[in-house]
Amino acid sequence: MTWRLLVTVLALANVVTALAVVHARHQHRQLFVQATRLEKARDELNIEFGRLQLEQATWAESNRIDQVARDRLGMKFPEGAETVVIRP
């Protein structure tokens, strides 16, 4: 009787272990898919960040600022007679 009980317990332990392995593999696959998705999103964000840095550098160029100041705001460099020097 004890051998039969031992064999039953070992068979049950084997089934439980097999189910645990299946669950662990399934979880690993899900986490791998999620990691791959997040890496792709990270790469896309890095590309977008590079584009935004380039755009910011373009908008911040002094030639661009000078052009906007002249065209949209009607600004110009002062003439010699328009310059006033204030001394303490």
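Helices (H or I, at least four residues) and strands (E, at least two) are DSSP runs, numbered from the N terminus. The structure described here is a predicted model, in which local features need pLDDT of at least 70 and side-chain atom pairs count only at pLDDT 80 or more, while totals for chains, interfaces and linings use all residues. Residues are numbered from 1 along each chain as its sequence is written, and side-chain values use heavy atoms, with hydrogens and water left out.

The chain contains two helices and zero strands. Its radius of gyration, taken over C-alpha atoms, is 36 Å. A compact globule of 88 residues would have a value near 12 Å, according to the rule of 2.2 Å times the number of residues to the power 0.38. Along the principal axes, the C-alpha atoms fill a box of roughly 115 × 30 × 15 Å.

Residues are classed by relative accessible area as buried (under 20%), exposed (over 50%) or partly exposed (in between), with a 1.4 Å probe and protein chains only. On this scale, 1% of the 88 residues count as buried. The accessible surface of the chain, computed by the Shrake-Rupley method with a 1.4 Å probe, comes to about 8,800 Å², and carbon and sulfur atoms account for 64% of that area.

For the analysis of charge, Lys and Arg count as positive and Asp and Glu as negative, while His and the chain ends are not counted. Each charge is placed at NZ of Lys, CZ of Arg, CG of Asp or CD of Glu. The chain has 12 positive and 10 negative charges, and their mean positions are 16 Å apart.

Side chains of opposite charge can pair when their charged atoms come close. A salt bridge is defined as a side-chain nitrogen of Lys or Arg within 4 Å of a carboxyl oxygen of Asp or Glu, and by this rule there are four salt bridges. One of them joins Glu48 and Arg51, with an N to O distance of 3.3 Å. These two residues are three residues apart in helix α1 (residues 2-59), and are therefore separated by about one helical turn. Glu48 is partly exposed at 36% relative accessible area, whereas Arg51 is exposed at 53%.

Helix α2 (residues 62-71) holds both Asp66 and Arg70, four residues apart, or about one turn of the helix. Their side chains form a salt bridge in which the closest N and O atoms are 3.1 Å apart. Arg70 is partly exposed at 38% relative accessibility, and Asp66 is partly exposed at 30%.

A further salt bridge links Lys76 with Glu82, the closest N and O atoms being 3.5 Å apart. Lys76 is exposed, with 53% relative accessibility, while Glu82 is partly exposed at 45%.

Phe77 lies in the segment after α2. Leaving aside neighbours within four places in sequence, Phe77 is in contact (heavy atoms within 4.5 Å) with Asp66, Arg70 and Glu82. Phe77 and Asp66 are 11 residues apart along the chain, and their C-alpha atoms are separated by 9.9 Å. Phe77 itself is exposed, with a relative accessible area of 59%.
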